[in-house]
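Subject: Structure for you to look at

Hello,

Here is the structure I promised to send over. Please open it alongside this note, and I will walk you through what turned up.

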Amino acid sequence: MRLSYKSSYKNRIISLFLVVLLITVNLCNLNTITTHAATLDELAEQAEARKRLPIQSNSIENWPVGPEISAQSAILMDANTGVILYAKNIHEKVYPASITKIMTCLLAIEHGNLDDMVSFSREAVFSVPRDGSNMGMDAGESITLEECLYGIMVASANEVANAVAEYVGGTIDDFIDMMNDYAVELGCTDSHFVNSNGLFDENHYTSAYDLATIASRFFQNELLCKVSNTARYHFEASATQPDDFYKNNKHKLITGEIAYDGIIGGKTGYTDEARQTLVTCAEQNGMKLICVVFKEESPAQFTDTVELFDYGFQNFQILNISENEAKFNIDNVNFFKADNDIFGNSKPILSVDTDSYVIVPNMADFSDLDSTINYDIDEENHVAQISYSYSDAYVGSTYVNLASNAEAFYEFNTDPQTTTDITVERDPASSDDSENTIFINVKKVLIGILIFAILIISIFMVRAFIINNNSAMHRKNRLKRKKHRRERIRSAFDDFDF
């Protein structure tokens with residue numbers, strides 16, 4: 001009985017302990033849920049507060065009013081001209097998270113070979129947290145650089161970004177130096193990178209303007225557009241990588257979860273400190289826009305991006321500069337023409353680039369723009385650069401180009417075995433080419449010869465006509481005289497009767 005009593009008492013103690021433990025765990029869970037709920041409420045309040053932040057582009061006179069979004073900073077930029085259509089704190093330094101990988105892939109494709117094998121070192125694999133974005137690569141494995149690009153842009157794999165950094169730069173640290181140098185070269189002023197993948201670091205930051213500038217170069221590359229617009233990618237097993245698996249993109253405008261016409265590509269990003277970040281490129285009606293948003297709460301990064309794209313495509317238009325510019329074009333003046341071939345095909349010595357355009361609000365006209373011209377141009381064949389503004393906002397630029405005459409020589413080959421090259425050489429001692437060079441417009445010479453020949457032929461034809469006409473008159477007169485003689489002879493014999 002004592003043993004039974006002790007055993008029963010012991011069981012009660014254990015049961016009581018388990019009940020207390022269970023209650024404690026539940027209370028902890030309840031406290032965690034309550035704390036999490038409070039955090040969500042705080043995040044919602046912060047997002048609402050960010051909506052009230054000023055939008056700098058709205059202060060431009062006669063500029064379309066942009067939407068209020070919950071991003072801390074955002075930009076809508078034309079990819080080709082750099083014209084900014086929407087600006088909200090675009091130079092504020094923010095944490096980019098994984099959209100850092102835009103720069104990583106850009107350097108990779110500019111310095112690497114797509115077929116090269118990229119090996120994964122122990123540092124590349126184990127220097128990033130295992131619970132972060134990855135695709136399970138192990139040290140010693142290798143895949144092609146092209147597969148790495150898909151791993152970075154589709155799977156957002158941190159270890160792959162590290163491996164690419166080592167492949168391109170030799171070491172991750174040297175690659176980071178390349179990132180910072182390239183950012184300066186592109187014109188970034190608010191950026192500093194300390195890793196290749198965007199994991200949080202207080203010294204790893206950028207701005208909406210800088211990221212859009214980097215993305216502009218990124219989306220000029222056809223392969224990078226294709227890679228960044230891939231919704232799902234199949235990684236096949238190989239001799240250097242034994243796993244066969246798929247990775248899905250988390251960008252909802254790329255997967256089609258949020259449908260939008262003209263998406264070219266993009267990249268998502270997230271850390272606790274950065275919150276949601278997103279870069280996206282889309283094209284409609286010849287306008288190629290880049291949207292970057294920082295510090296949002298999901299799914300606002302996608303819905304706000306759609307709203308900004310709609311704002312840009314619906315409120316702005318493209319105007320070709322050469323078709324509208326009258327002040328700087330020289331038209332139909334033969335003195336300002338330059339011949340490029342022996343048949344006289346020519347173009348103006350000075351002309352405005354035909355591909356350049358401005359982006360202006362729909363209600364604006366080209367005549368509403370102000371222009372400034374800069375002659376301090378170092379580029380070949382460019383005489384000056386014209387910049388345009390609307391209400392003091394930059395809307396585009398173009399070059400005034402100098403026509404280039406191709407120096408050529410002409411070969412007249414009648415027999416491959418006896419070819420003679422006829423070239424005209426300049427006197428190296430001559431200091432003034434304009435005084436020693438004779439330009440011959442062969443087309444005009446040939447036309448002149450043809451006109452002269454037609455004139456000569458016409459003279460001969462008129463002369464022949466006159467001669468033929470005189471001969472006909474003489475022949476007619478002779479016939480008349482013969483007829484008259486016959487008639488006289490006949491009348492003379494009429495008086496005789498035979």
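**What was found**

Of the protein's 498 residues, 39% count as buried (buried is under 20% relative accessible area, exposed over 50%, partly exposed in between, with a 1.4 Å probe and protein chains only). This is a predicted model, in which local features need pLDDT of at least 70 and side-chain atom pairs count only at pLDDT 80 or more, while totals for chains, interfaces and linings use all residues. Residues are numbered from 1 along each chain as its sequence is written, and side-chain values use heavy atoms, with hydrogens and water left out.

The secondary structure comes to 13 helices and 19 strands (DSSP runs numbered from the N terminus: helices are H or I with at least four residues, strands E with at least two). Among contacts (heavy atoms within 4.5 Å) between residues at least 6 apart in sequence, 62% join residues at least 24 apart.

**Helix α5**

Have a look at α5, which spans residues 158-169. From first C-alpha to last, its 12 residues reach 16 Å, close to the 16 Å expected at 1.5 Å a residue (the expected span being 1.5 Å times one less than the number of residues). The helix is mostly covered, with 11 of its 12 residues buried; among them are N158, E159, V160 and G169. The cover includes α2 (101-111), β3 (117-119), α3 (122-126), α4 (145-153) and α6 (172-186). After α5 comes G170, with a positive phi near 90°.

**Strands around β17**

Strand β17 (residues 393-402) runs antiparallel to β13 (residues 350-352), joined by 3 bridges; strands pair if DSSP finds at least two bridges between them. L350 has L402 as its bridge partner in β17. Strand β16 (residues 382-390) is also antiparallel to β17, with 8 bridges, and there A384 is partnered by V400. The hairpin of β16 and β17 has 2 residues between the strands, and S391 takes a positive phi near 55° in it.

**The cavity**

On a 1 Å grid over the protein atoms alone, a cavity is a set of points where a 1.4 Å probe fits but cannot get out, and lining residues have an atom within 4 Å of a point. The lining includes Y95, F200, D201 and H204.

Best wishes

Conventions:
1 Å grid on protein atoms, 1.4 Å probe; cavity = no way out; pocket = protein on both sides within 12 Å on 5 of 7 lines; lining within 4 Å.
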